[in-house]
Amino acid sequence: MPRSKPVLRPGTSVLKNKASGVKLHGTQGGEGSRVDLEDAENWGRARTLIKPDDQLELSEAELKEEIARVLTIRTPQLSEGLVIWSHKDAAFVQRAVPAAGVLVLDMPSTCLHIDSAEAREQAAYLGSAGRITLAETMTVTKAVPKAVKKESRKGGAEDEEEDEEGDGEGDGDGDGEGEGEGKEHAGSLSDGAGDAPVQGSETNLQKDEAGDGQAKADASTEAIEGAGEGDEAGVEAGEGDEASTADGEDGAEDGDAAAEALPSRPVKKVANQFNFCDRAALTYNNPYRTLSTQTEPPPRDTFSEQVMQWIIYDAYAKDWEDKQAGKEKEVKAVPKQFGRQAERKLDERTNPNSSLNRSIRAAKTIERMLNQNTSDDIAKDCRYYEDGSDEFREGAGTLLPLWKFFYEPTKKFHVTNICWNPRYHDMFAVTMGYLEFMKQSPTGAVCVFTMKNPSYPEYVLHTTSSVMTAEFHHEQVNLLAVGLYDGSVAVYDLQLSSTQQEPVFRSDSVHNKHCDMVWQVTWGQDTPDGELNLYSVSNDGQVFNWVLTSSTLHQTTVISLVLERSAPVAGPDGTTLTITGCGTAIAFHPTNPKVFLVGTEEGQVFKCSTEYTSMYLLSYGAHHMPVHRIHFNYYLPDIFITCSADWRIKIWEDGRTEPLFVFDLHCSVGDVQWAPYSSTVFAAVTLDGKAHVYDLNVSRYQPICVQNIVSRKKNRLTRLAFNKKHPIIVVGDERGTVTSLKLSPNLRVKPKATKKQAHLTPHELEVLKMDKLLALVREPFILQRPADTDQPPE
């Protein structure tokens with residue numbers, strides 16, 4: 001313990017000496033001596049402690065009392081006694097208090113306590129490897145004082161020099177000199193405070209005389225250093241010698257007992273596992289060699305022949321005969337090794353009256369019967385129900401929901417198009433894909449549903465890309481043409497879909513397809529040779545004509561959609577480039593199969609002809625955003641309707657560049673179609689989940705029915721289609737679901753013939769009804785006076 005300084009009190013010898021010193025310094029005279037005397041007088045006065053009146057006075061025992069402060073992990077701001085209602089117990093139960101501790105660091109360790117049994121076993125097992133034993137570790141740790149350890153750390157270079165000297169002496173003089181030096185150092189340590197602990201450690205170290213002399217020399221060096229600090233500590237501490245001596249004896253006894261329990265081993269330095277060094281090696285790079293081979297050029301020959309028309313005809317005729325003969329061989333060819341069994345399997349796949357196909361048709365019939373029994377109420381509503389409330393609301397109608405059609409694997413796909421079969425009026429095809437560019441799928445599907453079995457599709461066609469559009473052939477209703485997102489066009493045969501999933505025709509070549517997604521396909525009239533053909537429009541600005549030959553799809557470019565408003569742009573090599581539009585919709589004229597309309601993403605509608613591939617017949621500035629649909633009226637072929645993402649629906653007349661009617665739906669319009677049973681009724685779907693039905697004969701400004709089909713927040717409508725025989729429409733959404741709806745009587749009112757119109761057919765009555773409406777909005781026809789009759793007659 002360090003000694004405290006003496007307290008200066010008046011009258012003590014120290015104060016007198018200071019006072020005399022002041023006087024001696026003040027004898028030099030002058031004014032400064034009086035100042036020094038005044039300071040001495042102030043120093044000699046007794047100093048009193050000034051305390052406030054309200055200060056708390058504590059007794060001597062209270063002042064000496066030790067008050068412990070413990071830091072805990074409890075949060076004072078945390079509320080206790082919180083309760084929560086338990087439905088299980090039907091009462092309030094106390095809520096558990098969350099733990100306030102936070103685990104900052106948790107890492108496994110390989111350290112063992114030195115007094116544990118596992119540490120002793122490990123020391124005994126590893127002693128043969130040259131490491132220090134457990135007894136030596138305990139003895140040296142307890143024997144060496146803290147002062148020796150601190151001095152050994154501070155010594156640095158001096159310790160290394162003394163170690164080297166100790167090593168030299170141990171090597172030269174042998175064990176005897178080492179023992180003598182150890183005794184001399186032990187005698188020097190007896191004067192200090194730590195002589196007993198050092199003696200105990202020296203005794204334990206002397207029992208290991210069979211070891212190296214280096215270890216003894218190190219121990220003696222530490223003892224000398226400990227003796228030097230022990231003398232200094234003895235001057236200050238004084239009375240602590242006896243206690244340290246007793247502790248040293250106890251440590252020596254413990255060390256002797258541990259040494260007897262485990263044999264001593266020589267000390268060996270252990271490498272530090274955290275001490276690493278980087279090593280690098282320089283290697284030579286392999287030399288490069290150039291190999292060349294000389295070969296003979298391939299043989300060349302000059303061939304020439306005269307080609308005439310009859311030679312070309314004979315070559316085509318021979319090729320046609322070879323293909324027909326090959327097809328007949330494929331059908332009749334049966335592997336000999338399988339015999340009748342292979343022939344029977346081939347017949348079951350191709351013959352519709354085979355046992356396999358008959359069992360499939362029987363299973364489908366049973367499934368339809370079960371579904372009709374399950375949804376008997378909906379089937380009766382679809383056939384017989386009529387909304388009686390339409391009699392009390394004039395000029396308004398409703399849509400009755402019937403079935404919902406979906407296919408579970410395509411529930412997250414968008415319904416990109418819907419088309420009804422022209423012969424089987426209960427069957428319709430639904431294409432599944434994605435209308436968003438950033439959300440595309442590597443697969444797609446075409447589901448063919450029937451209203452006789454709403455639980456599962458009749459046919460499912462899987463594709464390698466999203467399907468954007470589909471359409472049935474108007475005569476061969478088993479053929480279905482589809483357009484894909486990757487620019488391909490394919491034709492499927494539904495009669496073979498049960499046994500074959502691949503299309504019968506597909507444009508899978510690099511050059512034999514579009515460069516972007518196909519938005520719409522439509523069938524055209526057969527060629528003079530009787531071959532089927534179809535047309536497609538794509539985002540790459542091209543309109544292609546596809547002819548179905550015997551084995552492939554033959555492609556022909558009909559027209560490139562060059563924008564008329566845009567001027568040519570200079571290319572990188574100095575040539576001028578023309579900007580093409582992106583085609584989104586196509587529709588052929590009902591009476592003139594050579595004329596068709598094409599809508600673009602720029603909002604323009606071009607009137608084109610299949611006979612002209614470089615110019616437009618007419619251009620309409622229809623919309624300001626992409627055109628989603630173009631549809632001709634079923635009764636008046638010159639009237640067509642368009643819809644766009646600019647919220648508007650416009651009705652046009654062929655030859656007029658201004659629209660006849662304009663309707664704003666306050667939302668992007670996904671699809672619009674004329675009704676097949678009326679010349680003035682059309683329906684549209686918007687992205688807010690609503691279906692709008694208009695009847696121009698009732699109102700030219702407001703819809704007669706607006707009904708929510710799906711939730712606006714979770715879903716949006718994309719496409720719709722009218723059934724050509726029944727008063728039913730189907731609408732598709734972005735969740736892969738198709739909803740069927742029945743129109744109320746007010747939405748399908750037919751014109752009544754007057755007495756003068758009794759001779760007119762229903763079709764003529766519809767045309768007459770539409771003509772009356774168009775006469776109200778058409779500009780009057782003004783007769784132009786001939787040029788030779790400019791002067792009025794006298």
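**Note on the predicted model: cavity, pocket, salt bridges and backbone**

1. Start with the second largest cavity. Its lining consists of T416, N417, M468, T469, W519, Q520, T584, H628, R629 and R719. The space inside comes to about 60 Å³. The structure holds four cavities of 30 Å³ or more. Please keep in mind that this is a predicted model.

2. Which strands each give at least two residues to the lining of this cavity? They are β4 (414-420), β8 (467-472), β12 (518-523) and β22 (627-632). By class, the lining of the second largest cavity has six polar, two nonpolar and two charged residues.

3. T469 is one of the lining residues of that cavity, and its place is in strand β8. Is T469 buried or exposed? T469 is buried, because its relative accessible area is 1% and the cut-off for buried is under 20%. The side chain of T469 makes a polar contact of 3.1 Å with the side chain of N417. N417 also lines the second largest cavity.

4. Neighbours within four places in sequence are set aside here. T469 is then in contact with T416, N417, T431, A481, V482, G483, V518, W519, Q520 and V521. Among the residues lining the second largest cavity are T416, N417, W519 and Q520.

5. Next, the second largest pocket. Its volume is about 1,200 Å³. Of its 41 lining residues, E471, T522, W523, F588 and K724 are the closest to its centre. The lining of the second largest pocket divides into 20 nonpolar, 16 polar and five charged residues.

6. β4, β8, β12, β13 (533-538), β18 (583-588), β22 and β30 (717-722) each supply at least two residues of its lining. β4, β8, β12 and β22 each supply at least two residues to the lining of the second largest cavity.

7. Now the charged pairs. The count comes to 16 salt bridges. In one of them, R748 pairs with E386, and the closest N and O atoms are 2.5 Å apart. R748 lies in the loop between β32 (737-743) and α16 (762-777), and E386 in the loop between α15 (376-384) and β3 (399-406), so the pair ties together parts that are 362 residues apart in sequence. E386 counts as partly exposed because its relative accessibility is 40%.

8. K594 and E611 form another salt bridge, with the closest N and O atoms 2.6 Å apart. K594 sits in the loop between β18 and β19 (595-600), and E611 in the loop between β20 (605-609) and β21 (618-620). The two residues are 17 apart, and the pair links distant parts of the chain. K594 has 41% relative accessibility, so it counts as partly exposed.

9. R656 forms a salt bridge with E653, the closest N and O atoms being 3.0 Å apart.

10. Two backbone angles are worth checking. Most residues other than glycine have a negative phi. A90 is not a glycine, yet its phi is positive, at about 60 degrees. A90 lies in the loop between β1 (83-86) and β2 (91-94). A90 counts as exposed because its relative accessibility is 54%, and the cut-off for exposed is over 50%.

11. W647 is the other case. Its phi is positive too, near 75 degrees. W647 is in the loop between β23 (639-644) and β24 (648-653). With a relative accessible area of 43%, W647 is partly exposed.

12. Last, the chain as a whole. Its secondary structure comes to 16 helices and 32 strands. Of the 794 residues, 35% count as buried. Take the contacts between residues at least 6 apart in sequence: 50% of them join residues at least 24 apart.

Terms used. Residues numbered from 1 in each chain as written. Predicted model: local features only at pLDDT ≥ 70, side-chain atom pairs only at ≥ 80, totals over all residues. Heavy atoms only, no water. 1 Å grid on protein atoms, 1.4 Å probe; cavity = no way out; pocket = protein on both sides within 12 Å on 5 of 7 lines; lining within 4 Å. Points joined across faces, edges and corners; volume = space filled by probe spheres on them. Helix = DSSP H or I, 4+ residues; strand = E, 2+ residues; numbered from the N terminus. Nonpolar A, V, L, I, M, F, W, Y, C, P; charged D, E, K, R; others polar. Buried < 20%, exposed > 50% of the residue type's maximum accessible area, 1.4 Å probe, protein only. Polar contact = N/O pair within 3.5 Å; in protein donor to acceptor, adjacent residues only side chain to side chain. Contact = heavy atoms within 4.5 Å. Salt bridge = Lys/Arg side-chain N within 4 Å of Asp/Glu carboxyl O.
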